[in-house]
Amino acid sequence: MRKRALFGAACLGVAAVLGPLVAAGPALAAEVRVQSGPADELWVRYLAQYDPRSTVRIAAWQALLSSAPDAAIDRFLESGYDYAVQLAAQRKARNADFAKRVLAAFTAEFSPEVHAAAQFAVNSRDDADRERFANGGFEAAKQRDSAARAARGEQAAALAEADRAFVRGLAVQDPGAQVRGSAAYAVRPGATDADLVDFFANGWAFGARLDLESFRQQGADNEMRWRATLTALLTDAAAAEQAAREASGELAEQAKAAAVRAWQAVGDHTAPARSYWAEAQQLAQSQAENWAAVYAAATTATGPNWVAITGPAQSAQSDWYAERAQAAQQAQYWAALLQQALDGEARVLA
């Protein structure tokens, strides 16, 4: 549980946890098991709820619901996450996640053919059904929905120049790359009214979901990569500080310099994480504000096209505000580690 103890310490105040271990000496520090704070459990719970890869979510829930959750969370952080990511990259898992992603974004009301095909793929016991859906079935269902909308003609007839202008703005200014790409395709040179109708009916919502999932996956992968080397750095710094306390004579200055470098290494290690999560907060805020504007536009617009984005816009706004809070929590975690490194360096130099 050493790894989790050190991670959890960031939320409680790392100095308060490592201080007694340093004073007790490296040998005792290796044996003592400190009760961790909420940081690790909160992080694993976030992954269990929101990671876009089903294998990661399942592995995280298994750790949280284990009869010995502390040890299970340790194992998940040390190796279970990486293994779950490897499983997620396998074809069967990718197909399953794709079908679930489509099912969530394409509603029965506005895309009945895609929704039904995705529902069948998700519920099927045969992996071949999900393979067929991911490789041709999804596109075929989209075409059927598009053809049905074109045959009715209601959505195309309701399009106004203001709608086209709004989508052209999204193609340039939307904070999400997937939404920008989908919008750009809908208003590209040679695009038809059917392309714009399809964007309102499902392309917008699907792009929004892909942007959200990409944000979550990148954040999770980055966080776990930074955490992977954190334990060793903290342990080395604690041992180096203890060695500096015990050194005397000509070795004292060398030991002190080594301890300072060790704590500086911890502080330097926090820099990419602190920068990333600060930027993530800004992006999440920008996305939330963007979707608030979209929701406002959707609720005041007339015609059948905007109706399809009203629900997704409201959900997206809520999701991005939650991501902003999560990013702030992770930024605080790494800021606490930086402060611990600065405190450690100050103790050595005192």
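**Helix pair and cavity**

I began with α11 and α13, which are oblique to each other. The model is predicted, so I read the values below as computed from it. For the pair, α11 covers residues 161-173 and α13 covers residues 193-228. I noted an angle of about 60° between them, with the axes 12 Å apart. I recorded the crossing of α11 and α13 as left-handed.

Next I listed who makes the contact. From α11 I have Asp163, Arg164, Phe166, Val167 and Leu170. From α13 I have Asp193, Leu196, Phe199, Phe200 and Trp204. Sorted by class, the residues of this contact are seven nonpolar and three charged, with no polar ones.

How many cavities of 30 Å³ or more does a search of the whole structure find? The search gives one. I wrote down a volume of about 40 Å³ for the largest cavity.

I checked which residues line the largest cavity. The lining consists of Ala105, Phe106, Thr107, Phe110, Ser111, Ala201, Ala205, Ala308 and Pro312. Two elements, α13 and α16 (307-349), each give two or more residues to this lining. By class I count seven nonpolar and two polar residues in the lining, and no charged ones.

Conventions
Residues numbered from 1 in each chain as written. Predicted model: local features only at pLDDT ≥ 70, side-chain atom pairs only at ≥ 80, totals over all residues. Heavy atoms only, no water. Axes fitted to C-alpha atoms, helices over the stretch in contact; angles between N-to-C directions. Helix = DSSP H or I, 4+ residues; strand = E, 2+ residues; numbered from the N terminus. Parallel < 35°, antiparallel > 145°, perpendicular 65-115°, else oblique. Left-handed = near helix turned anticlockwise from the far one by under 90°. Contact = heavy atoms within 4.5 Å. Nonpolar A, V, L, I, M, F, W, Y, C, P; charged D, E, K, R; others polar. 1 Å grid on protein atoms, 1.4 Å probe; cavity = no way out; pocket = protein on both sides within 12 Å on 5 of 7 lines; lining within 4 Å. Points joined across faces, edges and corners; volume = space filled by probe spheres on them.
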